[in-house]
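Please open the model in your viewer and keep the selection panel at hand. The tour goes from one selection to the next.

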Amino acid sequence: MSHPPRQAVIGLTGRSGSGKTHLLSRLLPVLRARGLAVSTIKHTHHDIDIDRPGKDSWVHRNAGATEVMLAAPGRWVLQHECPDAPPTLLDLLSRMRRTDLVVVEGFHATVPASIEVYRPGIGKDPLFRHQDNIIAIATDTPHDPTLPAHLPVLDVNDTDAIADFALRHACRVVIE
């Protein structure tokens with residue numbers, strides 16, 4: 001009997017402006033230097049469109065195609081229209097090639113294990129007070145006594161330590 005494939009997944013979550021993307025841009029080269037294949041998923045609440053009106057792929061999509069694949073030398077992108085229901089994290093993971101790790105930026109509460117990037121200086125409430133999937137806090141104030149004692153606190157500037165933590169604590173998600 002074969003088992004469904006599993007994918008290692010870790011989340012980076014936090015409020016807008018906390019530095020999630022900046023941390024991810026430093027984390028990826030560190031993980032790649034360790035010989036790992038890493039993919040990412042970026043969730044946004046904003047409407048996105050990589051097409052431009054009048055381009056062939058835009059015409060295909062606006063004429064009714066459910067999916068439009070744009071292929072070029074060295075890169076391809078698949079646009080999937082889903083007006084009736086936004087994709088779930090598992091939907092997206094099932095469409096990706098298996099790698100050593102997928103780092104998910106966003107999807108606040110649906111990533112099984114996330115590191116919250118928290119910077120008190122931006123003046124926004126932390127997520128760790130309301131979400132039980134946050135397993136650590138990466139912050140620029142690691143010695144802040146108001147941080148919870150039950151969660152590991154990582155220095156957001158110590159990329160190697162965050163990479164080590166992410167690899168030790170990534171969840172194995174079953175992909176159907």
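In which element is confidence lowest, and in which is it highest? Colour the chain by pLDDT, the predictor's confidence in each residue, from 0 to 100: the mean is lowest in strand β4 (residues 75–80), at 87, and highest in helix α4 (residues 159–169), at 98, helices (H or I, at least four residues) and strands (E, at least two) being DSSP runs numbered from the N terminus. The protein averages 91, and 95% of the residues score at least 70.

This is a predicted model, in which local features need pLDDT of at least 70 and side-chain atom pairs count only at pLDDT 80 or more, while totals for chains, interfaces and linings use all residues. Residues are numbered from 1 along each chain as its sequence is written, and side-chain values use heavy atoms, with hydrogens and water left out.

Next, select T159, I162, A163, F165 and A166, the buried residues of α4, where buried means under 20% relative accessible area, exposed over 50% and partly exposed in between (1.4 Å probe, protein chains only). Seen down the helix axis, these buried residues fall within an arc of 165 degrees, so they line one face of α4; the arc is that of the directions from the axis to the C-beta atoms. They pack against β1 (6–13), α1 (20–33), β6, β7 and β8 (153–155), contact meaning heavy atoms within 4.5 Å.

Finally, select C82 and C171, which are both partly exposed, C82 with a relative accessible area of 30% and C171 with 23%. Counting a disulfide as a pair of cysteine sulfur atoms within 2.5 Å, the structure has zero disulfides.
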